[in-house]
Structure formats: C-alpha cells, structure tokens
Amino acid sequence: MKFLAYANYLKHKRVVHRLTTTPTSGAPSDAPMGCTTPAAAHAGAVPAGIVFGAWTQTPTAGTPAVVSGAASGALASPSGGCNAAGGELPSHTDSQALTPTVPPMPVAFPIPVSTTTTAVASRIAAVYRSKGDLGRTRLYVPSNKRDRPSDFLTKQHKDMRLFALSAGGCGLSLKEKAEYYETTVSIERAALRMVAEAAARRKKRKKGKNGKGKPPTVNVKVGPLESAFPTAASFVRSLEGEKWRCLAEQEWRETDIPVRGKVYKFYSRDIMKVATDALTTALKVCLRGERKYDKSGDVIRTNSLDSDVYLEEQADVDRLHAGKKFRGEDLPPFTLAIQLFSDAALVSWNGSKLVALRPPRAPSFCAFLTSDCSHSRFGCPLRLVF
Amino acid sequence: MVYPIRARFPNVLTGKSEWITIGYIPAMKYRKSATTAEKKAVRLLRDELLQRCLAVVLDELVTASADGVKMDLPDHGVVWAVPRVVLYASDQPEERHVLGLKLSGCYFPCSICMEYKTHVATESTGARARCVLKTLDQQLEAAILSDTGDRPGQVEKLARQASICPIVPVLGAIHGLGKGSLSFFRIFGFDRLHVR
C-alpha cells in the first residue's frame, strides 16, 4: 500500500493501532507498550497465536499488509508492535478459537532486548555506573581543612560571617573583608570608649588634700570582635577557614568526568543527604497528599502534594511498601516528593504571539503538573506548572 | 563556567522549603565560528555531560526510589521515606536535552505524544502517547551503538523513528519514571513564576 504523504501513512498506522488495541483501552495512556521487535514481543511470555488471532479479528486486519505479515511469520503488529505492559496483549475470546498455526520460533532467533520495566531501568543504571564516575568522586574539602574548629562562636560573629560570605551572592572580596573588619572594629572601639567614659564620669571622685582629687582613668575594654580577631588579617584568614568548614559540613563532592578525552569537574552533593537534612530539620512536615474538591465537585489543586503525579506515586508507594516493620512496630511509608530545577536555560521565548494560557483554577505559587498534552493553534504543546 | 542544579522538597512546609543547590554542572559553549557539524558535536557532548552529572548526583536516589530509606522525623518518629521525582522544572529545550530527544530537525517534536511535526500546529489528531519503555530502549540501543561506533545507519534510523539522540536519560533509571508508574514524560513543566 502506498501513501502520498507520510502523514497519511501515520494516520493509517494510528487507525490500525487504535483498532487493534481497543480491548486494552482501560490501560493508562502512558502505559508501557514495550515491544521493540517482533522477537521481543514473542519473548514476552505471550502465545504468539493470540497475537496473530487478534490481528485477524480486527476489521483492518484483512489488508494485504497484514496478510503478508502473517504469511511471512510476523509475530506482532505491523505498526511497530506496541502492546500493553510487559507484553500483555488484548484478550480476545474468539481469537483463541481462530488461532492459526504459527511455525515454532527457531532457537537461534535473535532476541535483542527484553523490554520489561525493570530491565530497562536497571540497564540504564548499569550503563552509568559502568562509566566509573562515582569511583572518581571524592570529598571536595581536603582532610586537613575539614575538622578545623570555628572561631565564630557568638551570634554576632556568626552574623558577620554570614554577611561577609554571602553579600552580593558570592561574598566580599579579601580587601572588602578587611575593610569590613576595620570599620566594625572602629565602631566597636568608639562605642566601648563611650561606655568607659560614662562609667568613669559616674565614679565618685576621690578628693585629695587640695580638694580637687585625681581625675578618673578611662578604662576602655577590648570588644568581642577585636578580642576574637586581633587583626584584620586574622579575620580574613578565619573566614577562609569557615568556607572550607561549611563545604565540609555540607559534604560537597568533586567528580572528574572524562568525556571524549577531556576531563570536566563536577561539584555536587548527595541528594538523599540533602533531603534527609531538610526533613529532619524542618519545623513542619506534611507526609501525605490528598485530592481536594470544591463544592461543585471539581478538583482543586493548591500545591505539589495534590498534583496528579504525586498522588499516583503515593498510591504506588503505598502499594509497594505497605507493612514495613521496624523493631516490631509499623513503619509507615510516605512519598518524599523531589522537584528538580536547573538554571541551564531560562524559559525560552520563541516569538509566538498567539499563546493563550489556560488560567489555573486555584492560583498558587506552589507547583503541580497538568497531565494533559494538547496541541492547539499556538503550535507546540505547553504544559504549565501552577 | 558552571550552572547550578537545585532541588526542592514539597513535603517540607516550614524549614528548608526553598530550592537547595545540589550541584554545579560545567557549561559548554560553541566556538564563535563553529560549523554546523561542530555545533552538533558540542550539543551531543553537552548532553552526555549533563546526563553523567545527573547520574552522579542522583545515584543514591536511583536506589532509594525503589527500596526507600528510613528517616527519623522529629514530629512523626521513624518513617519509611520513598523518594520520587515529581517535577523537573525546565523549559522545552532543556526538557528535550534531559530526555535525550532531538530539539529540532525531527519528525516528532512533542515529548509526550507521537504527533507528527506537520500536525503540531493544527487540531490534535489524537496521536498515541510516546511509549516510555520503547523510547528508553531505543535510546539505550542507539547510545551503545554510538559508543562503539558500530552500525551508524541503525543509529540514524533509530534517531529518525523516535526523534531521539544517542543519549540515555538517567532519569529513566529512577523508580516512578522509567519503571513503576512510568511518569517519565509527565514530570516536566515550569514554574509560572518564570513565565514572562
């Protein structure tokens, strides 16, 4: 069969595909349809005859293409073999009665991959672990700089440290740090001198023989900053040490990643440690999300924890991890939602002028996903996170 | 030159509920007078580097998303936390990079469905959803063939069939994305705060 345009061919394939997969229409749209090759379809523990039978029962199965496929011993659909998850195929009662005889598959038949869900994910993990990048990962801070005790003990010192290391985003320069110290110390000295002078004035003068007495001595004390850091250089040096200490506490790592003969440095933290730290130090934590409805029965979305994706994951986690025990007590599972964001590129502006955004039902700054993909006049599918 | 990758945990209501930097990915730019072929090579290199950086930073998550981890939370006691990625906030070009799909010059420019390129500006014709496992499988095959330098024709064929690059997206190894509920193509979106 020839098609004038490729789009017509695709439409034909789509119609054929829809008709053949109608019995499994209850499956979700993104259900795994994982047979890459006819051989893989056959390897999925499904009787090949049923597959063939299903094809012969469909109204479009009588096309010459299908017949030729059957004649040539094709074991899956001519549309690329997109079947249900794990090789689960349409159950057709009549088709079993009409199952034709399929020649047995030769032993040496090439089966490239087994497209089960576990296999693909495990293979991806194995591919990246085989690169050896984790083996080249080490802590960024050298051990001699890791366990140095902090000189910034009081709250005021810590506030100064925060300002010096974070002002303007990347902190003050060396010269600015020294100037910051000098300014603060001069203010501290002036304040302490005023305090000392006031204290001296309050003191009762001891009258001498002539009745005038000796003028009181002004005893200016050394302030907390100057006592901790006698010079500007010591302050700047301590801040450098603090940088190392902070990086060591957060366990920043350094990885050498060789790609096509060139080595790139990648700095990272372990995401699970970050998550554990965030959760254990949080004042308020919500462990479960639930679907919310308004009075008219419409779904209300207010934050990430009532999004479709999170609720589906929560159901999956509950199903897989229910009944965990820890020292004889129930260990309730919960879904720890993780959102990722990279500054690799900001939102692109492609010059389009006909963009019509669908307003959210419940405006919120929290993020959740819409799960639809609709192509409309403005061209590319736009999925917003409200 | 680097750019940060950040994470956020929506379960935390009060506390560290903001974006937390978890890595700095090296950035790569074209040479000013780069040819088209050089640009293509740099794009591939950039994609590979991005995936390998993500692989390092998400390695623990791959295991934990399937098995879970024990956590002792102050108000809730000992709980079993199962991490799942529910959002990758990015724009469309970055989405295509992270998914290992072609950004342009392809037949199927939609990441979610298999709508043909000439149909994306028209009314939807009801194209089928992009199959997560099949796409990942094709990417694996293309990446392995591309690494070994074997069968460039097959790599080209796979790229044409599914609009993929010979790059394996590491997010596919995480439970809930490449297995389980298979939300791989659904987690992408962007925060409306970033929309002008």
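A:Arg260 and B:Glu48 pair through their side chains in a salt bridge, with N and O 2.9 Å apart. A:Arg260 sits in the loop between strand S2 (253–259) and strand S3 (262–268) of chain A, while B:Glu48 belongs to helix H1 (residues 36–57) of chain B, so the pair joins two chains. Do keep in mind that this is a predicted model.

**Around the pair that joins the chains**
- A:Arg260 is exposed, at 55% relative accessible area, whereas B:Glu48 counts as buried at 13%.
- B:Glu48 also forms a salt bridge with B:Arg52, and here the closest N and O atoms are 3.8 Å apart.
- B:Glu48 and B:Arg52 are 4 residues apart in helix H1 of chain B, so about one helical turn separates them.
- B:Arg52 is buried, with a relative accessible area of 5%.
- A network of salt bridges links A:Asp133, A:Arg136, A:Arg260, B:Glu48 and B:Arg52.

**A salt bridge inside chain A**
- A:Glu249 and A:Arg245 form a salt bridge whose closest N and O atoms are 2.6 Å apart.
- Both residues lie in helix H11 (residues 232–249) of chain A, 4 residues apart, or about one turn of the helix.
- A:Glu249 is exposed at 58% relative accessible area, while A:Arg245 is buried at 17%.
- Over all chains, the count comes to 32 salt bridges.

**Chain B as a whole**
- Chain B has 5 helices and 6 strands, arranged along the sequence as β-β-β-α-α-β-β-α-α-α-β.
- Of its 196 residues, 61% are buried.
- Its accessible surface comes to about 7400 Å², with 53% belonging to carbon and sulfur atoms.
- Among chain B contacts with a separation of 6 or more, 47% are between residues 24 or more positions apart.

Note on methods:
Residues are numbered from 1 along each chain as its sequence is written. Chains are lettered from A and ligands numbered from 1 in the order in which they are written. This is a predicted model: local features need pLDDT of at least 70, side-chain atom pairs count only at pLDDT 80 or more; totals for chains, interfaces and linings use all residues. Side-chain values use heavy atoms; hydrogens and water are left out. Buried means under 20% relative accessible area, exposed over 50%, partly exposed in between (1.4 Å probe, protein chains only). Contact means heavy atoms within 4.5 Å. Accessible areas come from the Shrake-Rupley method with a 1.4 Å probe; for residues, only the protein chains shown count as cover. A salt bridge is a side-chain nitrogen of Lys or Arg within 4 Å of a carboxyl oxygen of Asp or Glu.
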